[in-house]
Amino acid sequence: MRETQSQTVQVQALPDDLAFLDIVTEWDTTTPYHQWRVGTVVPETFLPGPVPRVIAVANQKGGTGKTSTALELALALVARGLRVRLIDADPQAAGLTHWLPCARPEGGPTLVDLYFDLKRTIQDVTYPTPYAGLYLVPSLPDLDDVQARNPVDAQNTLRHHLRKADDGIDVTIIDSGPSLGTLTVSALVAAHDVVIPVQASSGLDVVGMSALNDTIEVVQARPNPELRVAAVVLTDFEKSTLAREIGDAVAQAFPDALIVPARTSVKLGSAQLQQMPLRFFDPKATTVMDYDRAAGLLLVGRGQGAAA
Ligand SMILES: Nc1ncnc2c1ncn2[C@@H]1O[C@H](COP(=O)(O)OP(=O)(O)OP(=O)(O)O)[C@@H](O)[C@H]1O
Ligand SMILES: [Mg+2]
(Lines give C-alpha, C1' and ligand atoms only; values in the text may rest on other atoms or scores of the structure.)
(Ligands and ions follow the chains in the order given, each with its own letter.)
Protein backbone atom coordinates (compact mmCIF):
# COMPACT_ATOMS: atom_id res chain seq x y z
CA MET A 1 0.00 0.00 0.00
CA ARG A 2 1.27 3.46 -0.87
CA GLU A 3 2.01 6.16 1.65
CA THR A 4 -0.97 8.28 2.64
CA GLN A 5 -1.15 11.54 0.72
CA SER A 6 0.16 14.48 2.71
CA GLN A 7 -3.13 16.36 2.43
CA THR A 8 -6.14 14.30 3.35
CA VAL A 9 -9.53 15.29 4.65
CA GLN A 10 -10.31 14.09 8.16
CA VAL A 11 -13.61 12.23 8.41
CA GLN A 12 -15.28 13.57 11.53
CA ALA A 13 -17.81 11.69 13.63
CA LEU A 14 -21.15 13.44 13.35
CA PRO A 15 -22.87 15.00 16.36
CA ASP A 16 -25.17 12.47 17.94
CA ASP A 17 -28.02 14.90 18.58
CA LEU A 18 -29.97 14.27 15.40
CA ALA A 19 -33.01 12.02 15.61
CA PHE A 20 -31.99 8.45 14.91
CA LEU A 21 -34.42 5.76 13.98
CA ASP A 22 -35.57 3.57 16.84
CA ILE A 23 -33.86 0.24 17.43
CA VAL A 24 -36.33 -2.66 17.52
CA THR A 25 -35.96 -6.43 17.59
CA GLU A 26 -38.65 -7.16 15.00
CA TRP A 27 -40.05 -5.51 11.89
CA ASP A 28 -43.37 -4.08 12.98
CA THR A 29 -46.29 -5.05 10.75
CA THR A 30 -49.11 -4.90 13.28
CA THR A 31 -49.26 -1.28 14.47
CA PRO A 32 -51.84 0.77 12.51
CA TYR A 33 -50.04 2.57 9.69
CA HIS A 34 -50.51 6.13 11.01
CA GLN A 35 -48.87 5.11 14.33
CA TRP A 36 -46.13 3.01 12.73
CA ARG A 37 -42.60 4.15 13.61
CA VAL A 38 -39.85 2.86 11.39
CA GLY A 39 -37.06 1.10 13.25
CA THR A 40 -33.64 -0.41 12.62
CA VAL A 41 -34.14 -4.10 13.34
CA VAL A 42 -31.49 -5.74 15.51
CA PRO A 43 -32.61 -9.37 16.02
CA GLU A 44 -31.77 -10.96 19.36
CA THR A 45 -29.68 -13.51 17.43
CA PHE A 46 -27.50 -10.86 15.80
CA LEU A 47 -23.90 -10.62 16.97
CA PRO A 48 -21.55 -7.86 15.82
CA GLY A 49 -18.37 -9.15 14.15
CA PRO A 50 -14.73 -8.65 15.22
CA VAL A 51 -12.14 -6.82 13.09
CA PRO A 52 -10.29 -7.38 10.80
CA ARG A 53 -13.35 -8.06 8.75
CA VAL A 54 -14.38 -8.37 5.10
CA ILE A 55 -17.85 -7.23 4.06
CA ALA A 56 -19.27 -7.94 0.58
CA VAL A 57 -22.04 -5.61 -0.60
CA ALA A 58 -24.03 -7.63 -3.12
CA ASN A 59 -27.27 -7.86 -5.03
CA GLN A 60 -27.28 -9.09 -8.62
CA LYS A 61 -30.07 -6.69 -9.52
CA GLY A 62 -28.87 -3.35 -10.90
CA GLY A 63 -29.34 -0.04 -9.12
CA THR A 64 -30.32 -1.29 -5.67
CA GLY A 65 -27.86 1.00 -3.86
CA LYS A 66 -24.78 -1.25 -3.59
CA THR A 67 -22.21 1.40 -4.45
CA SER A 68 -23.89 4.07 -2.32
CA THR A 69 -24.06 1.66 0.60
CA ALA A 70 -20.44 0.55 0.22
CA LEU A 71 -19.11 4.12 0.19
CA GLU A 72 -21.30 5.63 2.92
CA LEU A 73 -20.84 2.63 5.21
CA ALA A 74 -17.08 2.81 4.67
CA LEU A 75 -16.95 6.48 5.64
CA ALA A 76 -19.16 5.86 8.67
CA LEU A 77 -16.64 3.23 9.82
CA VAL A 78 -13.73 5.60 9.15
CA ALA A 79 -15.50 8.21 11.32
CA ARG A 80 -15.40 5.64 14.14
CA GLY A 81 -11.62 5.47 13.89
CA LEU A 82 -11.29 2.40 11.66
CA ARG A 83 -9.03 2.03 8.63
CA VAL A 84 -11.19 0.93 5.73
CA ARG A 85 -10.36 -0.43 2.27
CA LEU A 86 -13.03 -0.27 -0.45
CA ILE A 87 -12.69 -2.67 -3.38
CA ASP A 88 -14.44 -1.79 -6.63
CA ALA A 89 -15.34 -5.26 -7.95
CA ASP A 90 -17.67 -3.91 -10.65
CA PRO A 91 -16.32 -3.48 -14.21
CA GLN A 92 -18.93 -0.79 -15.02
CA ALA A 93 -17.11 2.44 -15.84
CA ALA A 94 -19.56 4.68 -13.97
CA GLY A 95 -19.04 3.08 -10.58
CA LEU A 96 -17.15 3.51 -7.34
CA THR A 97 -13.79 4.25 -9.02
CA HIS A 98 -15.37 7.28 -10.69
CA TRP A 99 -17.24 8.44 -7.58
CA LEU A 100 -14.25 8.14 -5.24
CA PRO A 101 -10.98 9.45 -6.68
CA CYS A 102 -7.74 7.84 -5.46
CA ALA A 103 -4.00 8.37 -5.77
CA ARG A 104 -3.40 5.79 -8.52
CA PRO A 105 -0.71 7.00 -10.90
CA GLU A 106 -1.40 6.76 -14.65
CA GLY A 107 -1.03 3.10 -15.64
CA GLY A 108 -0.84 1.90 -12.02
CA PRO A 109 -2.16 -1.60 -11.27
CA THR A 110 -5.85 -2.14 -10.50
CA LEU A 111 -7.97 -5.00 -9.16
CA VAL A 112 -7.78 -6.99 -12.40
CA ASP A 113 -4.01 -7.42 -11.88
CA LEU A 114 -4.62 -9.52 -8.76
CA TYR A 115 -6.39 -12.09 -10.93
CA PHE A 116 -3.84 -12.28 -13.75
CA ASP A 117 -0.45 -11.37 -12.26
CA LEU A 118 0.74 -13.80 -9.57
CA LYS A 119 3.33 -11.35 -8.27
CA ARG A 120 0.81 -8.65 -7.38
CA THR A 121 -0.30 -8.21 -3.76
CA ILE A 122 -3.38 -6.44 -2.39
CA GLN A 123 -1.03 -3.72 -1.08
CA ASP A 124 0.09 -3.01 -4.69
CA VAL A 125 -3.45 -2.14 -5.75
CA THR A 126 -4.62 -0.30 -2.61
CA TYR A 127 -4.39 3.49 -2.94
CA PRO A 128 -5.09 6.36 -0.55
CA THR A 129 -8.19 8.47 -1.20
CA PRO A 130 -8.70 12.12 -0.25
CA TYR A 131 -10.21 10.91 3.05
CA ALA A 132 -7.80 9.97 5.85
CA GLY A 133 -8.21 6.32 6.75
CA LEU A 134 -10.08 5.37 3.56
CA TYR A 135 -8.31 3.41 0.81
CA LEU A 136 -9.52 2.25 -2.60
CA VAL A 137 -8.72 -0.71 -4.83
CA PRO A 138 -9.88 0.79 -8.13
CA SER A 139 -11.11 -0.97 -11.28
CA LEU A 140 -11.29 -0.25 -14.98
CA PRO A 141 -13.63 -1.84 -17.53
CA ASP A 142 -10.88 -4.45 -18.25
CA LEU A 143 -11.99 -6.10 -14.99
CA ASP A 144 -14.53 -7.77 -17.28
CA ASP A 145 -11.65 -10.06 -18.36
CA VAL A 146 -12.10 -11.94 -15.08
CA GLN A 147 -15.58 -13.02 -16.20
CA ALA A 148 -14.58 -13.48 -19.85
CA ARG A 149 -11.25 -15.32 -19.45
CA ASN A 150 -11.94 -17.10 -16.17
CA PRO A 151 -8.38 -17.19 -14.76
CA VAL A 152 -7.31 -20.17 -12.65
CA ASP A 153 -8.75 -20.15 -9.14
CA ALA A 154 -10.50 -16.81 -9.73
CA GLN A 155 -13.14 -17.51 -7.09
CA ASN A 156 -10.52 -17.81 -4.34
CA THR A 157 -8.27 -14.95 -5.46
CA LEU A 158 -9.66 -12.16 -3.29
CA ARG A 159 -9.89 -14.40 -0.24
CA HIS A 160 -6.27 -15.47 -0.66
CA HIS A 161 -5.02 -11.89 -0.89
CA LEU A 162 -7.21 -10.46 1.87
CA ARG A 163 -6.50 -13.24 4.37
CA LYS A 164 -2.75 -12.77 4.07
CA ALA A 165 -2.86 -8.95 3.97
CA ASP A 166 -0.96 -7.42 6.85
CA ASP A 167 -1.41 -3.72 6.23
CA GLY A 168 -3.35 -2.52 9.25
CA ILE A 169 -6.70 -2.32 7.46
CA ASP A 170 -9.57 -3.05 9.87
CA VAL A 171 -12.43 -3.49 7.44
CA THR A 172 -12.47 -4.27 3.72
CA ILE A 173 -15.74 -3.55 1.90
CA ILE A 174 -16.23 -5.05 -1.56
CA ASP A 175 -18.68 -3.31 -3.91
CA SER A 176 -20.00 -5.97 -6.31
CA GLY A 177 -21.59 -5.37 -9.70
CA PRO A 178 -25.10 -6.33 -10.76
CA SER A 179 -24.35 -9.98 -11.56
CA LEU A 180 -23.81 -13.30 -9.87
CA GLY A 181 -20.72 -14.00 -11.97
CA THR A 182 -17.16 -14.88 -10.97
CA LEU A 183 -16.41 -11.47 -9.44
CA THR A 184 -19.40 -11.50 -7.10
CA VAL A 185 -18.73 -15.11 -6.12
CA SER A 186 -15.09 -14.16 -5.51
CA ALA A 187 -16.33 -11.40 -3.15
CA LEU A 188 -18.65 -13.80 -1.31
CA VAL A 189 -15.88 -16.37 -0.90
CA ALA A 190 -13.63 -13.66 0.59
CA ALA A 191 -16.22 -12.17 2.95
CA HIS A 192 -17.26 -12.72 6.55
CA ASP A 193 -20.42 -10.66 6.11
CA VAL A 194 -22.76 -9.94 3.21
CA VAL A 195 -24.69 -6.68 3.22
CA ILE A 196 -27.62 -6.70 0.76
CA PRO A 197 -29.05 -3.38 -0.41
CA VAL A 198 -32.69 -3.60 -1.53
CA GLN A 199 -34.60 -0.60 -2.82
CA ALA A 200 -37.46 0.02 -0.43
CA SER A 201 -39.63 1.18 -3.30
CA SER A 202 -39.06 -1.79 -5.64
CA GLY A 203 -41.02 -5.02 -5.39
CA LEU A 204 -38.69 -6.50 -8.03
CA ASP A 205 -35.63 -6.20 -5.78
CA VAL A 206 -37.27 -8.56 -3.31
CA VAL A 207 -38.11 -11.08 -6.02
CA GLY A 208 -34.49 -11.03 -7.24
CA MET A 209 -33.20 -11.71 -3.73
CA SER A 210 -33.91 -15.44 -3.94
CA ALA A 211 -31.27 -15.98 -6.67
CA LEU A 212 -28.72 -14.18 -4.49
CA ASN A 213 -29.76 -16.28 -1.53
CA ASP A 214 -29.19 -19.48 -3.55
CA THR A 215 -25.67 -18.34 -4.44
CA ILE A 216 -24.92 -17.43 -0.81
CA GLU A 217 -26.04 -20.91 0.27
CA VAL A 218 -23.74 -22.58 -2.27
CA VAL A 219 -20.79 -20.48 -1.07
CA GLN A 220 -21.66 -21.28 2.56
CA ALA A 221 -21.90 -24.99 1.79
CA ARG A 222 -18.35 -25.30 0.55
CA PRO A 223 -15.75 -22.57 0.10
CA ASN A 224 -16.86 -20.25 2.91
CA PRO A 225 -18.98 -21.74 5.73
CA GLU A 226 -18.40 -18.67 7.97
CA LEU A 227 -20.22 -16.35 5.52
CA ARG A 228 -23.38 -14.77 6.89
CA VAL A 229 -25.92 -12.20 5.77
CA ALA A 230 -25.23 -9.49 8.33
CA ALA A 231 -27.58 -6.78 7.11
CA VAL A 232 -30.21 -5.85 4.57
CA VAL A 233 -30.20 -2.12 3.82
CA LEU A 234 -33.54 -0.74 2.60
CA THR A 235 -32.22 2.00 0.33
CA ASP A 236 -34.09 5.10 -0.80
CA PHE A 237 -36.42 4.46 2.14
CA GLU A 238 -39.55 6.50 2.65
CA LYS A 239 -42.35 5.46 4.94
CA SER A 240 -45.01 3.76 2.80
CA THR A 241 -47.16 0.66 2.80
CA LEU A 242 -44.90 -0.90 0.15
CA ALA A 243 -41.74 -0.13 2.15
CA ARG A 244 -43.38 -1.77 5.14
CA GLU A 245 -44.20 -4.88 3.10
CA ILE A 246 -40.69 -5.05 1.68
CA GLY A 247 -39.19 -4.67 5.15
CA ASP A 248 -41.39 -7.52 6.32
CA ALA A 249 -40.35 -9.74 3.39
CA VAL A 250 -36.62 -9.23 3.96
CA ALA A 251 -36.95 -9.62 7.74
CA GLN A 252 -38.60 -12.99 7.14
CA ALA A 253 -36.03 -14.03 4.53
CA PHE A 254 -33.07 -13.07 6.77
CA PRO A 255 -34.26 -13.40 10.40
CA ASP A 256 -30.74 -13.09 11.88
CA ALA A 257 -29.72 -9.98 9.91
CA LEU A 258 -29.92 -6.28 10.74
CA ILE A 259 -32.63 -4.53 8.75
CA VAL A 260 -31.45 -0.97 8.16
CA PRO A 261 -33.69 1.63 6.52
CA ALA A 262 -31.46 4.14 4.69
CA ARG A 263 -33.71 7.10 4.08
CA THR A 264 -34.05 8.90 0.77
CA SER A 265 -31.60 11.66 -0.01
CA VAL A 266 -32.53 13.93 -2.89
CA LYS A 267 -28.89 15.00 -3.05
CA LEU A 268 -27.27 11.59 -3.56
CA GLY A 269 -27.26 11.90 -7.36
CA SER A 270 -25.65 15.36 -7.15
CA ALA A 271 -23.03 14.03 -4.72
CA GLN A 272 -22.12 11.35 -7.29
CA LEU A 273 -21.91 13.96 -10.02
CA GLN A 274 -19.58 16.07 -7.88
CA GLN A 275 -17.50 12.95 -7.04
CA MET A 276 -18.13 13.51 -3.34
CA PRO A 277 -19.48 11.10 -0.74
CA LEU A 278 -22.92 12.12 0.56
CA ARG A 279 -21.29 12.38 3.99
CA PHE A 280 -19.36 15.42 2.74
CA PHE A 281 -21.80 16.76 0.15
CA ASP A 282 -24.74 16.84 2.57
CA PRO A 283 -23.52 15.88 6.07
CA LYS A 284 -26.92 16.53 7.65
CA ALA A 285 -28.75 14.06 5.39
CA THR A 286 -30.70 11.54 7.46
CA THR A 287 -29.27 8.88 5.12
CA VAL A 288 -25.82 9.60 6.56
CA MET A 289 -27.18 9.05 10.08
CA ASP A 290 -28.70 5.75 8.97
CA TYR A 291 -25.36 4.47 7.68
CA ASP A 292 -23.73 5.71 10.90
CA ARG A 293 -26.13 3.61 12.88
CA ALA A 294 -25.46 0.53 10.69
CA ALA A 295 -21.70 1.02 11.14
CA GLY A 296 -22.14 1.15 14.91
CA LEU A 297 -24.09 -2.08 14.98
CA LEU A 298 -22.03 -4.22 12.60
CA LEU A 299 -18.72 -4.39 14.45
CA VAL A 300 -17.71 -5.39 17.97
CA GLY A 301 -16.71 -2.59 20.28
CA ARG A 302 -17.11 0.15 17.73
CA GLY A 303 -20.67 1.08 18.56
CA GLN A 304 -20.10 4.34 20.41
CA GLY A 305 -16.64 5.55 19.53
CA ALA A 306 -15.79 8.66 17.60
CA ALA A 307 -12.77 9.19 15.41
CA ALA A 308 -9.49 8.91 17.29
N1 LIG B 1 -30.80 6.54 0.11
C2 LIG B 1 -30.99 6.88 -1.17
N3 LIG B 1 -31.71 7.98 -1.49
C4 LIG B 1 -31.92 8.35 -2.77
N5 LIG B 1 -31.41 7.70 -3.83
C6 LIG B 1 -30.68 6.59 -3.60
C7 LIG B 1 -30.42 6.12 -2.27
N8 LIG B 1 -29.63 5.02 -2.34
C9 LIG B 1 -29.43 4.83 -3.68
N10 LIG B 1 -30.04 5.76 -4.42
C11 LIG B 1 -30.03 5.93 -5.88
O12 LIG B 1 -30.20 4.69 -6.50
C13 LIG B 1 -29.42 4.66 -7.68
C14 LIG B 1 -28.57 3.41 -7.68
O15 LIG B 1 -27.60 3.53 -6.63
P16 LIG B 1 -26.21 2.76 -6.70
O17 LIG B 1 -25.40 3.22 -7.88
O18 LIG B 1 -25.60 2.87 -5.35
O19 LIG B 1 -26.75 1.30 -6.98
P20 LIG B 1 -25.94 0.01 -7.40
O21 LIG B 1 -26.68 -1.14 -6.83
O22 LIG B 1 -24.51 0.15 -7.04
O23 LIG B 1 -26.08 0.02 -8.99
P24 LIG B 1 -25.35 -1.00 -9.98
O25 LIG B 1 -26.10 -2.29 -9.87
O26 LIG B 1 -25.50 -0.35 -11.33
O27 LIG B 1 -23.92 -1.12 -9.53
C28 LIG B 1 -28.57 5.91 -7.73
O29 LIG B 1 -29.10 6.79 -8.68
C30 LIG B 1 -28.65 6.47 -6.36
O31 LIG B 1 -28.60 7.86 -6.39
MG1 LIG C 1 -22.79 -0.10 -8.23
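Select Lys66 and ligand 1: a polar side-chain atom of Lys66 lies 2.8 Å from an oxygen atom of the ligand, a polar contact (a pair of N or O atoms within 3.5 Å). The model is predicted, with local features needing pLDDT of at least 70 and side-chain atom pairs counting only at pLDDT 80 or more, while totals for chains, interfaces and linings use all residues. Residues are numbered from 1 along each chain as its sequence is written, chains are lettered from A and ligands numbered from 1 in the order written, and side-chain values use heavy atoms, without hydrogens and water.

Next, select Gly65, where a backbone N or O atom is 3.0 Å from an oxygen atom of ligand 1. At Asp236, a polar backbone atom lies 3.3 Å from a nitrogen atom of ligand 1. Now show the 21 residues around ligand 1 (a heavy atom within 4 Å); the nearest are Gly63, Lys66, Thr67, Ser68 and Ser265.

Turn to the lining of the largest pocket. Its residues comprise six nonpolar, 15 polar and five charged, where Ala, Val, Leu, Ile, Met, Phe, Trp, Tyr, Cys and Pro count as nonpolar, Asp, Glu, Lys and Arg as charged, and the others, Gly among them, as polar. Colour helix 1 (a DSSP run of H or I, at least four residues): this helix gives the largest share of the lining, four residues.

Last, select Thr182 in helix 6, residues 182-190. Beyond neighbours within four places in sequence, Thr182 is in contact (heavy atoms within 4.5 Å) with Val146, Gln147, Asn150, Ala154 and Gln155.

How values were computed:
Helix = DSSP H or I, 4+ residues; strand = E, 2+ residues; numbered from the N terminus. Polar contact = N/O pair within 3.5 Å; in protein donor to acceptor, adjacent residues only side chain to side chain.
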